[in-house]
Amino acid sequence: MCPLAVLGSLGWPQRKVGLIMFLALVGAAIEVLQGTTLIDRDLDMFDWVADCIGMAGGLVVVMCANWVLHRKG
């Protein structure tokens, strides 16, 4: 989810809250689908937590890049 958060934040800088909500819902939906019998995988909410941490890391990367690009000096 980190690359999706970085690319989404760069593509839609004014819509970060909506982007994060969308990506969190996609991560949760993936976990729910993994818990069904259609896919032979296990539902693990810690994977969703890891997705959310990855999104936060992606936002930190974008904030640092914006800071470096826009600082005066």
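Colleague: What share of the contacts in the protein chain between residues at least 6 apart in sequence join residues at least 24 apart?

Modeller: With contact meaning heavy atoms within 4.5 Å, the share is 52%. This is a predicted model, in which local features need pLDDT of at least 70 and side-chain atom pairs count only at pLDDT 80 or more, while totals for chains, interfaces and linings use all residues. Residues are numbered from 1 along each chain as its sequence is written, and side-chain values use heavy atoms, with hydrogens and water left out.

Colleague: What is the pattern of the protein chain along the sequence, and why is the protein chain called more spread out than a compact globule?

Modeller: The pattern reads α-α-α, where helices are DSSP runs of H or I with at least four residues, numbered from the N terminus. The radius of gyration, taken over C-alpha atoms, is 15 Å, well over the 11 Å that the globule rule (2.2 Å times the number of residues to the power 0.38) gives for 73 residues, so the protein chain is more spread out than a compact globule. Its C-alpha trace spans about 55 × 20 × 15 Å along the principal axes.

Colleague: Why is Leu43 called partly exposed?

Modeller: Buried means under 20% relative accessible area and exposed over 50%, with partly exposed in between (1.4 Å probe, protein chains only); Leu43 has 46%, so Leu43 is partly exposed. Leu43 lies in the loop between helix H2 (16-34) and helix H3 (45-70). Of the 73 residues of the protein chain, 19% count as buried.

Key
Helices (H or I, at least four residues) and strands (E, at least two) are DSSP runs, numbered from the N terminus.
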